[in-house]
Amino acid sequence: MSPSESSARAIAITQGDCAGIGPETIAKAFRDAPEALRGCFAVGELQTMRRAADAVQRAGDSSLPIAVIDGPDEAWSVPKHCLPLLALPGLPGPAPWGAISREAGEAAARCVEWAATAALQGRIAALVTAPLHKEALSLAGIDFPGHTELLQAAAAAHAGVALADMPVRMMLANDELRTVLVSIHMALRAALEAVTAPQVLETLRITHEALGRTLGRAPRIAVAGLNPHAGEGGLFGREEIEHIAPAIVAARAQGMDVHGPFAPDTVFMRARNAPGHPGEFDVVLAMYHDQGLIPVKYLGVEQGVNVTLGLPLVRTSPDHGTAFDIAGQGLADASSLIAAVRMARQLAR
């Protein structure tokens, strides 16, 4: 362990839903990218991770060893091509591959809760979350629909503030495009009603502050309209006139570099940073979940990273779900998880 490693905090990777591909992507990442995962450890259940290691075993190779650790700092001393695991006591064991279950939801939530507490207490540098299943989470009696809401609640409780006073936003990013969402997991009808000037302005503020720390300068933010052609002067809807444009004006008055609203069918192309086509913007503010996530995911889920903005901790996640249909077959691609670890390390500096 080098002197720089000895003073660095480790990164926790939660196992996700044990019936999905999360555990095996973790095992595959530690097997194939040991340098990228140096100083990382999994948080989960021993038999779950052993089963995952067996699932990704290649012909002629021995199974990936699991090294059980007692605390985050021990992750640095685990040999390469081993998977450091902080095994939480009392977690349910592995559920059948591809099965939605209360036990899997409970185990996934408890891993996230442990990692969130450790991050808020400064015992780890960041957490990377393998995918969980929202229905399994609900069966376990968890009142929150996903990671973002779970972490928001944990951070609010730690700070002693109301949930409304800990606003968070989702950013999905890869090397070519970043997008931040005004609303996250809600029905489309409710998401449309969430497009208000205060909501848009708060999203702009969170984006400006978070990306400003990452880029070392004020980010150039494009704002997508809600309606086709950004409303076409009110012909196709007045949300741009009554809510989005006033929020942009207010953001500019506060010193933010914000532009729009632009037609949502072209703004993502303008922001895309591709070879021979430098993006015009650092990030696009999207009005609802699918408007913002489809363009990034279309560019390739294997490099996409989900980042939660607005929290007093660093959290990233791979850009894919539990993929129950291929779980346990060793087919899952670990690239997005590795990208999420790299981004978490960058954000935690």
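The lining of the second largest pocket divides into 6 nonpolar, 9 polar and 4 charged residues, where Ala, Val, Leu, Ile, Met, Phe, Trp, Tyr, Cys and Pro count as nonpolar, Asp, Glu, Lys and Arg as charged, and the others, Gly among them, as polar. This is a predicted model, in which local features need pLDDT of at least 70 and side-chain atom pairs count only at pLDDT 80 or more, while totals for chains, interfaces and linings use all residues. Residues are numbered from 1 along each chain as its sequence is written, and side-chain values use heavy atoms, with hydrogens and water left out.

**Pockets and the cavity**

- On a 1 Å grid over the protein atoms alone, a pocket is an open set of points with protein on both sides within 12 Å along at least five of seven lines, whereas a cavity is a set where a 1.4 Å probe fits but cannot get out; lining residues have an atom within 4 Å of a point.
- The second largest pocket holds about 340 Å³ of space, a volume being the space filled by probe spheres set on grid points that are joined across faces, edges and corners.
- Of the 19 residues that line the second largest pocket, Lys-134, His-185, Asn-306, Pro-318 and His-320 lie nearest its centre.
- Two or more lining residues of the second largest pocket come from each of α6 (147-159), β6, α11 (289-298) and β12 (315-318); such helices (H or I, at least four residues) and strands (E, at least two) are DSSP runs, numbered from the N terminus.
- The largest pocket has a volume of about 900 Å³, and its lining has 21 nonpolar, 8 polar and 9 charged residues.
- Helix α12 gives the most to the lining of the largest pocket, with 5 residues, and among the residues nearest the centre of this pocket are Met-343, Gln-346 and Leu-347.
- The count comes to 1 cavity of 30 Å³ or more; the largest cavity has a volume of about 90 Å³, and Pro-34, Leu-37, Val-78, Pro-79 and Cys-82 are the closest to its centre among its 13 lining residues.

**Aromatic rings**

- There are 2 aromatic pairs, counted when rings of Phe, Tyr and Trp (its six-membered ring) have centres within 6.5 Å, with planes under 30 degrees apart called stacked, over 60 edge-to-face and the rest tilted.
- Phe-41 and Trp-114 form an edge-to-face pair, 6.2 Å centre to centre and with 85 degrees between the planes.
- Because Phe-41 lies in strand β2 (residues 40-44) and Trp-114 in helix α4 (residues 102-120), this pair ties together parts that are 73 residues apart in sequence.
- The ring centres of Phe-262 and Phe-281 are 5.6 Å apart and their planes are at 40 degrees, so this pair is tilted.
- Both Phe-262 and Phe-281 are buried, a word that means under 20% relative accessible area, with exposed over 50% and partly exposed in between (1.4 Å probe, protein chains only).

**Strands**

- Strand β1 (residues 11-14) is covered on both faces, with Ile-11 and Ile-13 buried on one side and Ala-12 and Thr-14 buried on the other.
- β1 and β2 pair in the parallel sense over 4 bridges, where pairing requires that DSSP finds at least two bridges between two strands.
- The bridge partner of Thr-14 in β2 is Val-43.
- Strand β4 (residues 83-87) is largely enclosed by the rest of the structure, because 4 of its 5 residues are buried.
- β2 and β4 run parallel and are joined by 3 bridges, with Ala-42 opposite Leu-85 in β4.
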